[in-house]
Amino acid sequence: MALLEHFRYLARYAMFDDPDIVTEFGYLLAEGADDPVELSPALVQLLKGMPKAVEIWSVTNSLLGAVDLASAAAELGWALIAHISGCELHRSPIMPLAVSAQSALQIGALQECCTCRFRLLPDVLLHRYATHYGYHVEALGSRPVYVDGVRVLAKQYEWPNLAPILADH
């Protein structure tokens, strides 16, 4: 089955924010994404399917901005699998927040934002995601942000940039 077909199949079931779906995505990248000509349009199509797992959005954005797409896919795929299996936030009943440099999804009464590196998005993608799923986006303000358990200074952290190919989608 072509990678695009695998991603279409995955997108059908990615309507849930489920670590198993994210792990399957990681395996597809790590083991089957060795053709950059096929991978790039397949990733764009996957995001057009609006998967609910923020990790898919984050990794796709990172890959589409990579110079060597095939090796980045394998590297990020294995890193995603290892992270999901070892991240305490992903094993808790409360998923880590999706966060950008300026905003987070539905912080509510939380005094701090806890997330992981695979749920960081450029501000534009965070707003697209929130708009599609009807989530409220709130400014981080002065709330402390923790990424993978380490407190970061939001203004000095290296946030992901929007992949140029996603600017128009």
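Predicted model: local features only at pLDDT ≥ 70, side-chain atom pairs only at ≥ 80, totals over all residues.
Three strands, in the order 2-4-5, form an open sheet with mixed pairing. Strand 2 (113-115) and strand 5 (150-152) are the edge strands, and each pairs on one side only. Neighbouring strands of this sheet are turned against each other by 30° on average, direction ignored. Now look at strand 2 beside strand 4 (residues 145-147). Their pairing is parallel and runs over 3 bridges.

Turn next to the helices. Two packed helices are described by the angle between their axes and the distance between the axes. Take helix 2 (residues 19-32) and helix 4 (residues 54-64). Their axes lie 10 Å apart, and the packing angle is about 25°. Angles under 35 degrees count as roughly parallel, so helix 2 is roughly parallel to helix 4. Which residues of helix 2 meet helix 4? They are Ile21, Val22, Phe25 and Leu29. On the helix 4 side, the contact takes in Glu55, Ile56, Val59, Thr60 and Leu63. By class, the residues of this contact divide into 7 nonpolar, 1 polar and 1 charged.

The second pair is helix 3 (residues 36-48) with helix 5 (residues 69-86). Here the axes come within 9 Å and cross at roughly 65°. Helix 3 brings Pro36, Leu39 and Ser40 to the contact. Helix 5 meets them with Leu69, Ala70 and Ala73. This contact of helix 3 with helix 5 has 5 nonpolar residues, 1 polar residue and no charged ones.

Finish with the empty space. Rolling a probe the size of a water molecule over the atoms shows where such space is left. The largest pocket has a volume of about 230 Å³. It is lined by 13 residues; the closest to its centre are Leu140, Gly141, Ser142, Ala154 and Lys155. What classes make up the lining of the largest pocket? It has 7 nonpolar, 3 polar and 3 charged residues.

Technical notes
Residues numbered from 1 in each chain as written. Heavy atoms only, no water. Pairing = 2+ DSSP bridges. Helix = DSSP H or I, 4+ residues; strand = E, 2+ residues; numbered from the N terminus. Axes fitted to C-alpha atoms, helices over the stretch in contact; angles between N-to-C directions. Contact = heavy atoms within 4.5 Å. Nonpolar A, V, L, I, M, F, W, Y, C, P; charged D, E, K, R; others polar. Parallel < 35°, antiparallel > 145°, perpendicular 65-115°, else oblique. 1 Å grid on protein atoms, 1.4 Å probe; cavity = no way out; pocket = protein on both sides within 12 Å on 5 of 7 lines; lining within 4 Å. Points joined across faces, edges and corners; volume = space filled by probe spheres on them.
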